[in-house]
Amino acid sequence: MGKLLSADEMRVWHAWKAASDRVRAHVAEQIDSATGLSDPDFGVLTRLVDLGDGHLRQNELAASMRWHRSRLSHQLTRMEQRGLVTRSGVPGGMMVSITGLGSERAAAARPVHADAVRASLISRIPVAHEAAFLSILESLAEG
């Protein structure tokens, strides 16, 4: 087993968690307040629009969100009940489609999302550090 984190390493870890949680929570709160969409709702709807022109196979949607199939299935059930998406059987799986209401809500949420991201993240990064910050984040995202 490896050695424990040093005090400085622990500070980095806690700062990362706190910053990530705070930014994501602020963005989610703004979207929910303005549109009634939860963070998972927004994620599903925007992927349907951006990746599939309104339609994606359920397994492709799960992979794009890095979610387990059962988690997505439960989320889609809730979204279907609210009229945001529909599901239909297709050979080898299920097709998820955004509804008119889902499209309207996603479109209304986009500028709210943009404003919230700018306010809680982008505007708080010093211009001189933007490139380094982006590079670090992309490196972390790649694994």
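Me: Which residue in β3 is the bridge partner of His-55?

Reply: A general idea comes first: strands of a sheet pair through backbone hydrogen bonds, either parallel or antiparallel. Here, the partner of His-55 in β3 is Ser-97. Helices (H or I, at least four residues) and strands (E, at least two) are DSSP runs, numbered from the N terminus, and two strands pair if DSSP finds at least two bridges between them. Between β1 and β3 (residues 93–98) there are three bridges, and the two strands run antiparallel.

Reply: Please keep in mind that this is a predicted model, where local features need pLDDT of at least 70, side-chain atom pairs count only at pLDDT 80 or more, and totals for chains, interfaces and linings use all residues. Residues are numbered from 1 along each chain as its sequence is written, and side-chain values use heavy atoms, with hydrogens and water left out.

Me: What is the order of the strands in the open sheet?

Reply: The order is β1-β3-β2, with antiparallel pairing. At the edges are β1 (55–57) and β2 (85–90), each pairing on one side only. Six bridges link β2 and β3, and one of the bridge pairs is Val-85 with Ile-98 of β3. In the hairpin of these two strands, two residues lie between them, and Gly-92 has a positive phi near 80 degrees.

Me: How do I read the packing of α3 and α4?

Reply: Two packed helices are described by the angle between their axes and the distance between the axes. For α3 (residues 58–65) and α4 (residues 69–81), the angle is about 110 degrees and the axes are 10 Å apart. Axes are lines fitted to C-alpha atoms, for helices over the stretch in contact, and angles run from 0 to 180 degrees between N-to-C directions. α3 and α4 are therefore roughly perpendicular (65 to 115 degrees). Gln-58, Leu-61 and Ala-62 of α3 meet Leu-72, Ser-73 and Leu-76 of α4 in this contact (heavy atoms within 4.5 Å).

Me: Where does α2 lie?

Reply: Helix α2 (residues 39–52) lies across β1, β2 and β3, at about 95 degrees to β1. Its buried residues (under 20% relative accessible area, 1.4 Å probe, protein chains only) include Phe-42, Val-44, Leu-45 and Leu-48. Just after α2, Asp-53 has a positive phi of about 50 degrees.

Note on methods. Parallel < 35°, antiparallel > 145°, perpendicular 65-115°, else oblique. Buried < 20%, exposed > 50% of the residue type's maximum accessible area, 1.4 Å probe, protein only.
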